[in-house]
Amino acid sequence: MGDTLFRSIFPGVGFVPLGLLGVAVALVSAVQFVPSTLFRATGHAGHFVLYNLGGFVLVSALTVALVIAGMGVAGVLVAQLIGAGILLAIGAWVVRGTGNVEFEWEPVRDALRLGLPLVPHSISG
């Protein structure tokens, strides 16, 4: 299914490796917001700037290096995946000491109940 959907959106571009890399980047990058939000919520502006600016410099340097090495578009995505993975590890280390984390399913159910019916409409255009 992923390949069919991907080819309908990006004709002539194979799902493997670019689509898979894009999905992996999206999944790993989504977690990067946790430390940023924690730094903002706790008033640690310096940590917030360092984390985000450091991530930007890391991904930019990796992107330039991999594109120059001849990887092209795949190099951009690989650089983003490596950078996101490194930031994920740093973020996990930062968040580990913040206390007991409890997940509440009720807000998730409410959000899905509201948002899922909108997905087909959003995808259709």
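Buried means under 20% relative accessible area, exposed over 50%, and partly exposed in between, with a 1.4 Å probe and protein chains only. Helices (H or I, at least four residues) and strands (E, at least two) are DSSP runs, numbered from the N terminus.

This is a predicted model, in which local features need pLDDT of at least 70 and side-chain atom pairs count only at pLDDT 80 or more, while totals for chains, interfaces and linings use all residues. Residues are numbered from 1 along each chain as its sequence is written, and side-chain values use heavy atoms, with hydrogens and water left out.

**Confidence**

pLDDT is the predictor's confidence in each residue, from 0 to 100. The protein chain has a mean pLDDT of 85, and 95% of its residues reach 70 or more. Among its elements, the lowest mean pLDDT, 75, belongs to helix α1 (residues 2–9), and the highest, 93, to α4.

**Helix α3**

Helix α3 spans residues 33–41, and its buried residues are Pro35, Ser36 and Phe39. These residues lie on the same side of α3 because they cover an arc of only 100° around the axis; the arc is that of the directions from the helix axis to the C-beta atoms. The face turned away from this buried side carries the exposed residues Phe33, Arg40 and Ala41. Cover for the buried residues of α3 includes α4 (45–68) and α5 (72–95), where contact means heavy atoms within 4.5 Å. After α3 comes Gly43, with a positive phi near 75°.

**Surface of helix α4**

Val49, Leu53, Phe56 and Val57 form a nonpolar surface patch, and together they have about 400 Å² of accessible area. Patches are made of residues with over 30% relative accessible area and no salt bridge; like charges are joined within 9 Å, and nonpolar side chains (Val, Leu, Ile, Met, Phe, Trp, Tyr) within 5 Å. Accessible areas come from the Shrake-Rupley method with a 1.4 Å probe, and for residues only the protein chains shown count as cover.

Val49 is placed in helix α4 and is partly exposed, at 47% relative accessibility. Leu50 is also found in α4, and its relative accessible area of 62% makes it exposed. Leu50 and Arg7 are 43 residues apart along the chain, and their C-alpha atoms are separated by 39 Å.

A salt bridge is a side-chain nitrogen of Lys or Arg within 4 Å of a carboxyl oxygen of Asp or Glu. The structure holds two salt bridges.

| Salt bridge | Closest N and O atoms |
|---|---|
| Arg109 with Glu106 | 3.0 Å |
| Asp110 with Arg113 | 3.0 Å |

Arg109 and Glu106 are three residues apart in helix α6 (residues 105–115), so about one helical turn separates them. Arg109 is partly exposed, with a relative accessible area of 42%, and Glu106 is partly exposed at 44%. Asp110 and Arg113 both lie in α6, three residues apart, about one turn of the helix. Asp110 counts as partly exposed at 37% relative accessibility, whereas Arg113 is exposed at 54%.

**Helix α2**

Pro17 lies in helix α2 (residues 15–30) and is partly exposed, at 42% relative accessibility. Pro17 and Leu116 are 99 residues apart in sequence, with 28 Å between their C-alpha atoms.
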